[in-house]
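Hello,

Here is the structure I said I would pass on. My notes on it follow below.

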Amino acid sequence: MTINTQIENPVEVVELSPSYKIPLFLIVIAIALGFVSWWAAVIPALLGLFLTIQTILIRLQFSDRALFVMRSGKILREFPYSKWLNWEIFWSPVPILFYFREVNDIHFLPIIFDPKALRECLNKYYPVQ
């Protein structure tokens, strides 16, 4: 977790660190399945490779007013908290999916970032009522 402050407008921005646990788990599963049938290994291998690339490129940043999805340092999407209805992290023992709902949209993101820091930021910036 990195904390940045902008010089012109001093706003705390928290960027989540990447986590390669899910992509690596899928690649390990693909290798194991490869010994049984390479056809069975294709889907988890491709998904693991895709998530590895996304983990390298995508970052989440939390500010006082919005969640930002960044790719290679550029903002892809901004999700203002004022439009959020709720959020949840699925499967507590091993967090694999982050869900949040806005007034008009539902969003799902795989946990390709530090799940503990994600939960801390969500509780800080949009606490569950």
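**Core, surface and overall layout**

Please keep in mind that this is a predicted model. I start with Phe 98. Apart from neighbours within four places in sequence, Phe 98 is in contact with Leu 67, Trp 84, Trp 87, Glu 88, Ile 89, His 107, Phe 108, Leu 109, Ile 111, Leu 118 and Leu 122.

Phe 98 also belongs to the largest nonpolar core, which has 26 residues. Phe 62, Leu 67, Trp 84, Phe 98 and Leu 118 are the members that touch the most others. Two or more residues each come from α1 (21–36), β3 (58–62), β4 (66–71), β6 (84–90), β7 (97–102) and α3 (115–125). The biggest contribution is that of α3, with 5 residues. In soluble globular proteins, nonpolar side chains tend to be buried together.

Tyr 20, Leu 24, Leu 49, Ile 53, Ile 56 and Leu 57 make a nonpolar surface patch of about 530 Å². Helix α2 (residues 38–57) gives the most to this patch, with 4 residues. Ile 53 lies in that helix. Is Ile 53 buried or partly exposed? Its relative accessible area is 41%, so Ile 53 counts as partly exposed, since buried means under 20% and exposed over 50%.

As for the whole protein, there are 3 helices and 8 strands, in the order β-β-α-α-β-β-β-β-β-β-α along the sequence. The C-alpha trace spans about 55 × 30 × 25 Å along its principal axes. Of the 129 residues, 36% count as buried. The protein exposes about 8,300 Å², and carbon and sulfur atoms supply 65% of that area.

Regards

Notes:
Residues numbered from 1 in each chain as written. Predicted model: local features only at pLDDT ≥ 70, side-chain atom pairs only at ≥ 80, totals over all residues. Heavy atoms only, no water. Core = buried A, V, L, I, M, F, W, Y, C linked by side-chain atoms within 4.5 Å. Buried < 20%, exposed > 50% of the residue type's maximum accessible area, 1.4 Å probe, protein only. Contact = heavy atoms within 4.5 Å. Patch = residues over 30% accessible without salt bridge, like charges linked within 9 Å, V, L, I, M, F, W, Y side chains within 5 Å. Areas by Shrake-Rupley, 256 points an atom, 1.4 Å probe, with all protein chains shown as cover. Salt bridge = Lys/Arg side-chain N within 4 Å of Asp/Glu carboxyl O.
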